[in-house]
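Here is a set of questions and answers for someone meeting this structure for the first time. Each answer sets a value beside the definition that it rests on.

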Amino acid sequence: MNVRPLQLPEWPALQSVLAQSFNVPENGWDTFRGRLGDENIFVIEQDGQVIGGCGLYRLGQYWQGRSVPLGGIGGVGVAPHMRGKGVARALMAGILQQLALEKVPVAGLFPATQRVYRSVGYEQSGERWCYQAPLSALASFRQEVEILPVDPMDPAIRSRYRPRHGNLDRSPAIWSRLGKPYVGRRYAWLLGEDGYVILGHSPQDTPHWDLEVVDYAAPSLPTARSLLSLLAGHRSLCDHLRWWGAPADPLLALFPEPVWSVTVAQRWMLRIVDVVGAFLGRGWPTGVEEELHLAITDGLLSQNQGNFVLSVGSQGAGVERGGEGRLSLDISALGPLYSGYFSASLLAELGKLRGDPESLALADRLFAAPTPWFREIY
Ligand SMILES: CC(C)(COP(=O)(O)OP(=O)(O)OC[C@H]1O[C@@H](n2cnc3c(N)ncnc32)[C@H](O)[C@@H]1OP(=O)(O)O)[C@@H](O)C(=O)NCCC(=O)NCCS
């Protein structure tokens, strides 16, 4: 089995595999391909036949204030008659080897099933929650700032994006996913001087429909209250509001009553591809001078295998090979540790990491962060 970028004549075969794998109309895959570019569509072939493939989003992700390049895997599909034979695992291993060659430090994905991804070193590393609330609960809010309709792809929206820990450094392909869905359309507004909102419709079989907040920024109180007033204005025909947000979602802090529910809680996975690049690229706590001695095993990417010393101090972070290997872990445990999703102590309790008490406490401090999340899917 070979994993490599798509060649033009192979597209109909891959498109057919993807259409059989996902609930996306067949022409939606042309949009997917156009967004990513052929160089970022990968196929796995056997004896000249395309038996599966996936897309690669070239993104970044913010870790303690710094954007680290991320290979975001999406649209993993295997031909139905070839499933259960190790094709997806071989495809995922091939993509990771490609990312390692390019020194892309981290890979990520949303798993529909975890086994295949775990087998090549991915682990749960963050989440996103889908909230639902009755729009009638927001009736008391009034507009306080100017609200201006704009095209959902307007660059002013991008300039107002305020990423936090774990949020994506969005590529044009991701902005395009937000502004132009595979099905239906979006509507957008600028809110005052600092905010924006992109809305979508979830059609129902009745005249009523649900309102979807696809993306928003409302970093000041008058803007946030005006956003809620704009949303509430839909309440004659929209029963519910839905949006994806953080586990500690700030919009809920403004709700007069606790009337929301969480309808889905999704966990995404990370795989550290290049330990050195990942450590050097991210942000770290300030005011510390510390050295963490790690012993890492990686059965797939040998450059990550061995002992490393991570030093964090006033000059930034440094990584050297060697040291005493006081904290032992498989590469799969490094994803959740790196993102701050699971602390070193918790990973030790889960049997995914071993270390002396001082090294565990130090790792807890160095990687401590708010729960990593992001709103969009890739
Ligand atoms: C999910 C999918 C890509 C797996 O492809 P595959 O080639 O059959 O997977 P592999 O044979 O490489 O399986 C690797 C491991 O994952 C497990 N696995 C595969 N499909 C699974 C499923 N649907 N549910 C649970 N485990 C699954 C296999 O059992 C195997 O684990 P094991 O060796 O411990 O038994 C394929 O079923 C598919 O295309 N599904 C539809 C689209 C989809 O869900 N894509 C994933 C989006 S994230």
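Q: What covers the buried residues of α2?

A: The cover includes α1 (11-21), β2, β3, β4 and α6 (172-179), where helices (H or I, at least four residues) and strands (E, at least two) are DSSP runs numbered from the N terminus. The model is a predicted one, in which local features need pLDDT of at least 70 and side-chain atom pairs count only at pLDDT 80 or more, while totals for chains, interfaces and linings use all residues. Residues are numbered from 1 along each chain as its sequence is written.

Q: What makes the buried residues of α2 line one face of the helix?

A: In α2 (residues 28-36), Trp29, Phe32 and Leu36 are buried, a term that requires 20 or more other C-beta atoms within 10 Å of the residue's own, with exposed meaning 12 or fewer and partly exposed lying in between, and with C-beta atoms placed from the backbone. Seen down the axis of α2, these buried residues fall within an arc of 50 degrees, so they line one face of the helix; the arc is that of the directions from the helix axis to the C-beta atoms. The face turned away from the buried side carries the exposed residues Asp30 and Gly34.

Q: Why is aspartate 47 called exposed?

A: Aspartate 47 has 7 C-beta neighbours inside 10 Å, and because the limit for exposed is 12 or fewer, it counts as exposed. Aspartate 47 lies in the loop between β2 (41-46) and β3 (49-63), and its phi is near 50 degrees, a positive value in a residue other than glycine.

Q: How do you know whether lysine 103 counts as exposed or buried?

A: Lysine 103 has 12 C-beta neighbours inside 10 Å, and since exposed means 12 or fewer, lysine 103 counts as exposed. This residue lies in the loop between α3 (87-101) and β5.

Q: Why is phenylalanine 110 called partly exposed?

A: Phenylalanine 110 has 16 other C-beta atoms within 10 Å, a value between the limits of 12 and 20, and therefore it is partly exposed. Phenylalanine 110 lies in the loop between β5 (106-109) and α4 (115-118). Leaving aside its neighbours within four places in sequence, phenylalanine 110 is in contact with Gln266, Trp268 and Ile377, contact meaning that the C-beta atoms of two residues, placed from the backbone, lie within 7 Å.
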